[in-house]
Structure formats: C-alpha cells, structure tokens
Amino acid sequence: MASALTDKLIILDTTLRDGEQAPGIALSPDDKVAIAHQLARLQVDVIEAGFAASSPGDHEAVSRIANEVKGPVIASLARTHPDDIDAAADAVKGAARQRIHVFISTSQIHREQMLRMSEEDVLKAITESVTRAKRYCDDVEFSPQDATRTHPDFVVESCRRAVAAGATTINIPDTVGYAVPSDFVALMERVYSDVRGGNNDVVVSTHCHNDLGLAVANSLSAIHAGARQIEGAINGLGERAGNTSTEEIIMAVKTREDYFGVKIGADTTQLFETSRLVAQLTGYPIQYNKAIVGRNAFAHESGIHQHGVLRDRETYEIMDPASIGHASAIVLGKHSGRAAFADALANMDIALEDDDFKAAFDRFKELADRKGEISEEGVRAIVSEKTSVAPDTVELVGIHFSGGTQEVPLATVSVRRNGDTIEVNSEGDGMVNAAFGALRDVFEIEAILLDYRVSPLTSGADALAEVNVIIQVASETYSGRGVSTDVVEGSARAFTAALNKAAFEAAAIGRQEGSD
Ligand code: KIV
Ligand code: ZN
C-alpha cells in the first residue's frame with residue numbers, strides 16, 4: 001500500500017476523552033475548554049471532546065467546546081445505544097464541523113463477558129446505530145472495540161456493516177495494547193482492502209493503547225497499510241498505560257516525511273505549550289526523558305555531545321527545539337511590571353481576560369517579592385492556578401502554625417468570602433493535614449484526599465513548588481492546583497481550589513433543584 005505524497009494524515013486527538021479516562025484525572029469543563037482551545041491552536045484535525053452520554057459534566061464540556069472552539073472537527077463518543085447517539089448529536093450540534101463516533105466491542109471475550117451479545121446482535125446494533133447517527137450528521141466514525149483480539153473476518157464484517165450504514169471513518173482500536181507492528185499491519189491491510197477498497201469517501205484510522213509500549217510504533221506502521229487517520233492523546237495519556245502520544249506521531253511524521261510520505265497539518269510550534277498545559281491541568285507529570293516534550297528531550301549532558309551541538313546542532317539533534325516551541329527562556333523578576341508580564345504571556349501565547357490578568361499579575365508580584373526571579377515554568381503555573389475569583393468563592397488569605405515537631409501542629413487559616421475575612425483553626429498530624437482540616441471546616445465539606453503531588457518548578461532552596469490535589473466529595477472528584485515558595489501554602493491553595501469547585505457544583509445543583 002504505497003502512500004501518495006499528497007495524502008494528508010488526519011490527527012484525531014482524544015486527550016479530552018480517552019486521555020481523561022486515566023485514573024485520577026478530573027478535568028472541569030473550564031479545564032477542558034482551555035485544552036480544546038490549545039488543541040485548536042495546535043491545529044489537530046479532530047478533537048474528540050468527550051463522551052457526552054457518560055455524565056452531565058461531559059455533555060456540558062463537549063457542548064461548550066462545540067460552540068466555542070473554532071477550527072477542528074468536534075467529535076463525541078457514543079455506544080450503539082440510541083440515547084448515547086442522541087446525546088452525542090445534541091452535544092456536538094453547535095460545531096461548524098461535527099462528528100459522532102460510535103463504538104461497540106466485537107471480540108468474543110467482550111461480547112460474551114460484557115455485552116452478552118451474539119455476532120448477529122452486534123451487527124444489527126452497528127447498522128441501527130450508525131444509521132441513527134447519520135440522521136444527525138454526515139461525519140460518522142465507527143470503531144470495533146478490541147479489534148486486535150477479534151477474528152479478522154468479523155472485524156471486516158462489522159466494518160462493512162458500518163460503511164453500508166454510512167460510516168465515513170473506520171477506526172481500528174488496539175484497545176488492550178496487544179498488537180505488535182507486523183500483525184497490526186496485516187489487520188490494517190485487510191481492513192483497507194476488504195472494507196475501504198476503492199471507496200475514497202472512507203478513511204481508515206488507528207487507535208492504539210500502550211500496554212506493551214508499542215502504541216506509537218503500531219500506529220505509525222499502519223500508515224503504509226493505508227491508514228490516513230491516527231488517534232492519540234497529548235503526553236500519551238489514557239486508560240492504563242495510555243494511548244498513542246499525539247506529539248510523538250506529529251513529530252515522527254514531520255521529521256521522517258521522507259519515509260512516511262504523508263502530510264500533516266499541525267502547527268508543531270504549539271506542541272510544547274500543549275503538553276505543559278495538559279500536564280498542569282491533569283496533574284500528570286511528564287517523565288524527564290519523554291520523547292519530544294520531556295525536559296531532557298533536548299538536553300545534552302556529555303561533553304562530546306555538548307561540543308558537537310555547539311559546533312552544529314544537527315550533530316546530535318534530529319529536530320530543532322524551536323520547531324516544537326521549546327526555545328524560550330523567559331525570566332521575570334520582582335521589578336517586572338505589568339507590561340513585562342503581559343509581554344511574557346504574549347510570548348507564551350497565553351491570552352487572559354482583564355480580571356484573570358489582574359489576579360495572575362497580583363499573584364506573580366506576591367511570589368516575585370518572595371523569590372526574586374520567576375521562570376517561564378513559574379509564570380505558566382501561576383496562570384494555571386484558578387485565577388479569577390467568583391463572588392461566592394473562598395479566597396485563601398494567609399496561614400499560620402503553632403506547635404513544634406514534638407507537639408500537635410495547629411493551623412490557623414484565614415480566608416475571604418463575600419467580602420468577609422474569617423479565621424478557622426484545626427489540628428492535624430502534620431502541617432498540611434492541619435491546614436486541610438481547617439479548610440474542610442471553612443467549606444463544611446467532607447472531602448477525601450485521593451491524590452496529593454508536589455513538583456518543584458525550579459531548583460534551589462527557594463524553588464517554586466506546584467501542588468496538585470484530587471479530592472472526592474460524595475461520588476465526584478475535583479482537582480486543584482496551587483503554586484508557592486512554601487509547600488504548605490501551595491498545598492492549602494490547591495485544596496482551596498478543589499473545594500471551591502466542589503462548592504460551586506453543589507450550589508449549581510441546589511439552584512437547579514430549586515428551579516425544578
Ligand atoms: O480503546 C478503545 O477501544 C476505545 C474505543 C472507544 C475507540 O477507546
Ligand atoms: Zn481507547
């Protein structure tokens with residue numbers, strides 16, 4: 001299956017759907033919209049914005065992205081159930097270009113253990129659901145889930161049914177990351193010849209998971225078998241070991257255009273920023289040696305390498321760091337004013353509304369006074385804290401402790417709410433724990449701490465620390481971030497941010513119930 005040099009490779013990014021399914025990730029609709037805008041700046045072709053039927057929050061996020069984010073096709077996932085298709089159609093209807101992505105499991109183990117459906121039942125569901133989706137929009141994608149553990153004859157039969165009912169993209173998922181490149185190529189060639197054939201209206205696609213660390217290799221191998229769409233997630237996020245990493249696909253195809261022979265539409269200079277934003281909002285750190293976006297991806301340690309790179313970058317670099325937006329070294333200090341801060345944000349392609357700008361600038365000044373210099377990473381972290389303060393939001397004003405290492409620590413937290421400043425005390429088995437206890441009392445919310453992570457943003461004793469927390473309130477999870485030179489204060493800020501989200505949602509539900 002030789003590839004034509006003029007062919008375009010479609011990039012479908014599923015960070016907001018499959019990526020968000022990674023354990024412990026809890027993005028708010030605001031976070032999802034922010035990531036979707038960044039994916040649009042990256043110019044991916046399709047954003048899979050969520051799974052509208054899975055929760056009201058997901059429906060809201062998909063719908064807001066469909067209405068607000070311009071450029072890419074906006075897709076929602078749906079099972080073959082009529083209600084799922086209707087929810088997906090409703091959520092994407094605001095987009096200029098919309099897609100419904102229908103899936104059903106086809107492997108024997110999934111059919112028998114999960115669906116309790118025969119092959120005939122599955123084929124009938126495919127025909128009915130794709131036909132229903134087609135009534136809402138022209139662009140319908142179909143995926144036979146667990147395709148790589150399904151008999152190839154049944155993969156082909158399922159996909160043929162989907163095409164007959166109007167599907168325009170046939171996506172082959174390696175749901176459990178079981179494939180290796182050679183057998184995946186054989187399956188993709190079969191799908192290409194027996195399902196697509198000469199039908200130029202049908203695009204063949206891949207969606208590979210990384211359980212054996214082969215997701216990117218499998219996806220790329222499918223290009224020569226005729227695949228013209230690859231699905232991935234930023235930083236390789238996703239179920240279990242994750243998905244194909246979008247940034248690795250984009251840079252592999254771009255760097256080895258000579259080999260793959262397909263074109264890609266993405267603006268690669270947005271990759272670094274996209275990766276950072278996703279890491280910050282999800283709280284999933286990027287491993288130092290991660291290809292393309294890891295902090296060591298362009299670092300040269302050995303003298304021989306450094307010498308080579310100083311002479312000619314290409315001695316040891318196959319990609320220009322600037323081509324993925326990795327180049328800038330912005331440092332601001334306590335004397336930097338509004339203009340310098342605004343300029344730094346513009347250089348980082350960050351646009352803030354007036355109130356958010358003011359809140360971020362005030363916080364920057366506060367931290368710069370304590371720390372002296374704030375690096376680009378620090379500025380990004382400040383901006384990614386929830387900046388604008390809604391009237392009913394609790395704002396952390398200060399935090400004090402008494403008690404030494406031999407005594408039980410007592411935290412006094414002072415917060416501002418609706419213009420009033422109040423102080424609350426709480427003991428705990430450590431300073432962070434005491435601060436969290438006081439904040440629980442302020443909000444009067446029973447929050448369970450599910451995840452707590454501190455990452456240094458810069459080195460040295462006065463380093464800025466970024467703290468990410470995930471809390472559970474009733475059955476919902478909320479994430480929060482805080483940045484400070486002090487780990488306890490950063491932790492309290494992160495916990496406050498997460499509790500504010502929980503309180504906001506509880507108030508919204510209360511308002512809705514009141515109006516019903
Ligand atoms: O991994 C998978 O099979 C999926 C499908 C829903 C496409 O994510
Ligand atoms: Zn998946």
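Biologist: In the hairpin of E13 and E14, which residue takes a positive phi?

Modeller: Asn-418, near 50°, and the hairpin has 2 residues between its strands. This is a predicted model, where local features need pLDDT of at least 70, side-chain atom pairs count only at pLDDT 80 or more, and totals for chains, interfaces and linings use all residues. Side-chain values use heavy atoms, with hydrogens and water left out, residues are numbered from 1 along each chain as its sequence is written, and chains are lettered from A and ligands numbered from 1 in the order in which they are written.

Biologist: How many bridges join E13 to E14?

Modeller: 8 bridges, with E13 (residues 410-417) and E14 (residues 420-427) running antiparallel. Arg-417 has Asp-420 in E14 as its bridge partner. Strands pair if DSSP finds at least two bridges between them. Helices (H or I, at least four residues) and strands (E, at least two) are DSSP runs, numbered from the N terminus.

Biologist: What phi does Gln-43 have?

Modeller: A positive one of about 65°, although Gln-43 is not a glycine. Gln-43 sits in the loop between helix H1 (29-42) and strand E2 (46-50). Its relative accessibility is 42%, so Gln-43 counts as partly exposed. On the cut-offs, buried is under 20% relative accessible area, exposed is over 50%, and partly exposed is in between (1.4 Å probe, protein chains only).

Biologist: And Asp-146, buried or exposed?

Modeller: Buried, since the relative accessible area of Asp-146 is 0%. Asp-146 also has a positive phi of about 65° without being a glycine, and its loop runs between strand E5 (140-145) and helix H6 (152-165).

Biologist: Switching to the metal. Which residues are the protein donors of the zinc ion?

Modeller: For the zinc ion (ligand 2), Asp-18 gives OD, while His-207 and His-209 each give NE2, at 2.0 to 2.1 Å. Donors here are N, O and S atoms within 2.8 Å of the metal (3.2 Å for Na, K and Ca), and water is not among the atoms, so sites may look incomplete.

Biologist: What spacing do those donors follow along the chain?

Modeller: D-x188-H-x1-H. Both histidines, His-207 and His-209, are buried.

Biologist: How many cavities of 30 Å³ or more are there?

Modeller: There is 1, and the largest cavity has a volume of about 60 Å³. A cavity is a set of points on a 1 Å grid over the protein atoms alone where a 1.4 Å probe fits but cannot get out, and lining residues have an atom within 4 Å of a point. The volume is the space filled by probe spheres set on the points, which are joined across faces, edges and corners.

Biologist: Which elements supply its lining?

Modeller: Helix H11 (271-282) and strands E15 (448-456), E16 (465-473) and E17 (476-484) each supply at least two residues. Lining residues of the largest cavity include Thr-282, Asp-451, Asn-468 and Arg-481.

Biologist: Last topic, the whole chain. How many helices and strands does it have?

Modeller: 17 helices and 17 strands. Buried residues make up 53% of the 516 residues, and the C-alpha atoms fill a box of roughly 70 × 70 × 45 Å along the principal axes.

Definitions and conventions
1 Å grid on protein atoms, 1.4 Å probe; cavity = no way out; pocket = protein on both sides within 12 Å on 5 of 7 lines; lining within 4 Å.
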